[in-house]
Amino acid sequence: MYNHIIEAVIKSIICSKESTVLQKDKMDINKKNQLFSALNIIDTHAGMLLTIKKESGTRIFGCTCPVIPPEIPAAFNILLLKIPEFVLDSTDLREKYAAVYDAVILPGCSGTCSHNPFPSVKSFSFSFPSGWGEDASVALHNSFEEMLRTLCGINIREINIGELQKRTAVYEALRRTLRGINTAKNEKPGLISSTDLSRIFETALILPPDRALQLIAPVLEWMRSEQPVAAGSGINAMLYGGRLFPNELADQIESMGINVSEDDSCTGRRCFDLSTNAESEFLFYELLDAYSYRPLTPCLRSPQERHELLYRLLRNHGIETVIFTDEGDCEFPSEHVDYLRIRMMRDGIDPLVITPGNLQKKISAYLELF
């Protein structure tokens, strides 16, 4: 009888612990849902930006491809924000958002992003130089000078360094937070998906940096307090896919056991991999120099330059595999993929070229090698 009592007590303790774990899991899921629900700003986004314009006199420039440094226009009270995907995907929202943007900044290329989605809004084609370093920095300076003079009648030489430092500090805080989220995702598999991460990045790109921080910083705090919910595969991959890598493909790749630790899409991690000293008295020139070294996009740089600035460094970041796809809405030449695929093999990194139709087969065959 005594043994039966002991067994009953032990069973009660185990059930109580299981109940506590289940309750904690439920609370964690609720917390995640709460944090990500706050990122659903479709209904309030346009109104928020119009209010900012009215109350502060801020100009808002929209961009189809967020590759232009936003800190410099911010010093002149100009917000450079990515045009949301939900706007680009909806003709019904175009008229509404035409009132939001004072101008549209287009990359100097011939791809999809070079088209102005708002015919009634003036646009400017921003020229990007080849190369990097001093000559490229001067060319970037000249493009900025032309943009500000053409659209606003602003002389870039009148930039206030103190204002630039203050604005840059906010962008730095946002970039550090986003890099922290990406690190936490890599260290704690299963906590958030690639689709979740894409939502976070989109929020950061379409909102003023201070507003974005208010929504995103709590996500990092939550992630740091959580434990992994899945076992890591130990295989780290980078995705290559133009302006947007399809989220459904990224999620499927991760569900099969490959950790998507980096991406080479125009609206992904590359937007936040820059670090500057916001307190530097030479910040203006340091920003131009730093941005001259960005790998940019397939439509703005040659594959040779992009390999030199990004792909040859991948092994230093623990990347073992690059997964290429031509899915999405970017018309980059196939020779870009061919060139980088061959260079990856020479560098000892496995290239996989996939489509939605062969993804399952190619990933499975690749994983059987380990």
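Modeller: Helices are DSSP runs of H or I with at least four residues, numbered from the N terminus. On that basis Lys53 belongs to helix H2, which covers residues 45-56. Please bear in mind throughout that this is a predicted model.

Colleague: Is Lys53 buried or exposed?

Modeller: A residue is called buried when its relative accessible area is under 20%. Lys53 has a value of 17%, and is therefore buried.

Colleague: Which residues does Lys53 touch, leaving aside those up to four places away in sequence?

Modeller: Lys53 touches Thr58 and Ile60, and also Ala99, Val100, Tyr101 and Asp102. With regard to Ala99, the side chain of Lys53 reaches its backbone oxygen at 3.3 Å.

Colleague: Let us turn to the sheet. In what order do its four strands lie?

Modeller: In general, strands of a sheet pair through backbone hydrogen bonds, and the pairing is either parallel or antiparallel. Here the order is E6-E5-E7-E8, in an open sheet with parallel pairing.

Colleague: Which strands stand at the edges?

Modeller: Strand E6 (259-264) and strand E8 (350-353) do; each has a single partner strand, so one side of each lacks a neighbour in the sheet. From one strand to the next, the twist averages 25 degrees.

Colleague: How many bridges join strand E5 to E6?

Modeller: Five bridges link E6 to strand E5, which comprises residues 236-240, and the two run parallel.

Colleague: Which strands does helix H10 touch?

Modeller: Helix H10, residues 247-255, packs on the sheet and touches E5, E6 and strand E7 (321-324). The direction of H10 makes about 150 degrees with that of E6. Helix H14, residues 359-367, lies across E7 and E8 and runs at about 160 degrees to E8.

Colleague: Finally, the backbone angles. What is the phi of Asn77?

Modeller: Phi of Asn77 is near 60 degrees, a positive value in a residue other than glycine. Asn77 sits in the loop between helix H3 (71-74) and strand E2 (78-82), and is partly exposed, with a relative accessible area of 26%.

Colleague: Where is Leu296 found?

Modeller: Leu296 is in the loop between helix H11 (283-292) and helix H12 (303-309). Its phi is also positive, near 55 degrees, and Leu296 is likewise not glycine. With a relative accessible area of 12%, Leu296 is buried, whereas Asn77 is partly exposed.

Note on methods: Residues numbered from 1 in each chain as written. Predicted model: local features only at pLDDT ≥ 70, side-chain atom pairs only at ≥ 80, totals over all residues. Heavy atoms only, no water. Buried < 20%, exposed > 50% of the residue type's maximum accessible area, 1.4 Å probe, protein only. Pairing = 2+ DSSP bridges. Axes fitted to C-alpha atoms, helices over the stretch in contact; angles between N-to-C directions. Contact = heavy atoms within 4.5 Å. Polar contact = N/O pair within 3.5 Å; in protein donor to acceptor, adjacent residues only side chain to side chain.
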